[in-house]
Amino acid sequence: MNDLQDITYDVDDGLAWIVINRPDRYNAFRGRTIDELIRAFKAAWADPAVGVVALTGAGEKAFCTGGDQKQRGETGDYGPTETGLFEVEALHRLLRDIPKPVIAAVNGYAIGGGHVLHVTCDITIAADHAKFGQTGPKVGSFDAGFGSAYLARIIGQKRAREIWMFCRQYDAATAERWGLVNAVVPMAELRSTVREWANDALALSPTAVKVLKHSFNAETEHIAGVGAMAFDTLELFVETEEAAEGIAAFNEKRPPDFQQFR
Ligand code: S0N
């Protein structure tokens, strides 16, 4: 993998590490980041030397804080991409479809579209300082596909609705209690813990694991249809003054004022 700017990709003894490498933006993604993530996950899928994939963020502040709000404030979109499309929905599909376990190693904030990324991974292992939450209704966006409906399958309707309707942040202990993460460890042990989990998975029959992953997916596959409609709706919504108020408020470091849109 060459020409990577926003991520790094390394394979270590059967485990592919994909690292979102934009720490000055708290590992928020732009269009290019999504393109590179898609390339990396496809490379891991195609490589017979890879049996498990880990997704994490650079540094200790953030796993990923979703769409790059500074970029969005400047240009109204997430910047140029290879195809002209902003392919975050395709990335969600790929995280589900790649027939190998994907572990989110949450090394800090998993917020907004970054929270959706860990939700879509098979397993989440979090550092004990990690924070979780959605911000869409605060910043003029939403993920009404896997980010909400699949989230509710994982932690239940009441808690999923709380996350999206109140936009609070939750610590790692709460996330573990809710079943949103599989394990919580000190930051210093995050990578080694992922390595141990990967070793256990790498010892198993890849075909059995592949078929099991497809079976787990099948039960929630219909959410992709709702998600497609939701992303179409989001494209229209982000053009509105209501959405613009959310982005402007974040970039001006003030609370949004949505009163006139009620
Ligand atoms: C993570 C938070 C809670 C951290 O707060 P804290 O500790 O107070 O630090 P800050 O001072 O706020 O942040 C430190 C520096 O990092 C920058 N930064 C943080 N997050 C982002 C970001 N997402 N984009 C760009 N920069 C970011 C800060 O600006 C700050 O920099 P300096 O020091 O230079 O000021 C807090 O930072 C926070 O709440 N962040 C924003 C989280 C957020 O709202 N993310 C976006 C949520 N929405 C999405 O992800 C949806 C995108 C999407 O999927 C989509 C899909 C398809 C079609 C359209 C869309 C769409 O949305 O348009």
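In what order do the strands of the open sheet of 6 strands run? In this predicted model, the order is β1-β2-β3-β5-β7-β10. The pairing within this sheet is mixed. Strands β1 (7–12) and β10 (183–185) form the edges, and each pairs on one side only. From one strand to the next, the twist averages 20°.

The hairpin of β1 and β2 has 2 residues between the strands. Asp 13 in this hairpin takes a positive phi near 50°. The other pairing joins strand β3 (residues 52–57) to strand β5 (residues 102–106). Here the sense is parallel, and the pair extends over 3 bridges. Leu 55 stands opposite Ala 104 in β5. In general, strands of a sheet pair through backbone hydrogen bonds, in either the parallel or the antiparallel sense.

A further open sheet is formed by 4 strands. Its order is β4-β6-β8-β9, again with mixed pairing. Strands β4 (62–64) and β9 (170–171) stand at the edges. Each has a single partner strand, so one side of each is left without a neighbour in the sheet. For β9, strand β8 (residues 131–133) is a partner, joined by 2 bridges. Strands β8 and β9 run antiparallel. Lys 131 has Asp 171 in β9 as its bridge partner.

Helix packing was examined for α3 (residues 88–97) and α10. The axes of these two helices lie 9 Å apart and meet at an angle of about 130°. Angles of 65 to 115 degrees count as roughly perpendicular and those over 145 as roughly antiparallel; α3 and α10 are therefore oblique to each other. On the α3 side, the contact involves Leu 95, Arg 96 and Asp 97. These residues meet Lys 213, His 214 and Asn 217 in α10. By class, the residues of this contact divide into 1 nonpolar, 2 polar and 3 charged.

Helix α10 (206–218) also contributes to the second largest pocket. This pocket holds about 690 Å³ of space. It is lined by 28 residues. The closest to its centre are Cys 121, Asp 122, Ile 123, Asn 182 and Phe 216. Several elements each supply at least two residues of the lining: α4 (113–120), β7 (123–127), α6 (146–155), α9 (190–202) and α10. The largest share comes from α10, with 5 residues. The lining residues divide into 15 nonpolar, 7 polar and 6 charged.

Notes. Residues numbered from 1 in each chain as written. Predicted model: local features only at pLDDT ≥ 70, side-chain atom pairs only at ≥ 80, totals over all residues. Heavy atoms only, no water. Pairing = 2+ DSSP bridges. Axes fitted to C-alpha atoms, helices over the stretch in contact; angles between N-to-C directions. 1 Å grid on protein atoms, 1.4 Å probe; cavity = no way out; pocket = protein on both sides within 12 Å on 5 of 7 lines; lining within 4 Å. Points joined across faces, edges and corners; volume = space filled by probe spheres on them. Nonpolar A, V, L, I, M, F, W, Y, C, P; charged D, E, K, R; others polar. Parallel < 35°, antiparallel > 145°, perpendicular 65-115°, else oblique. Contact = heavy atoms within 4.5 Å.
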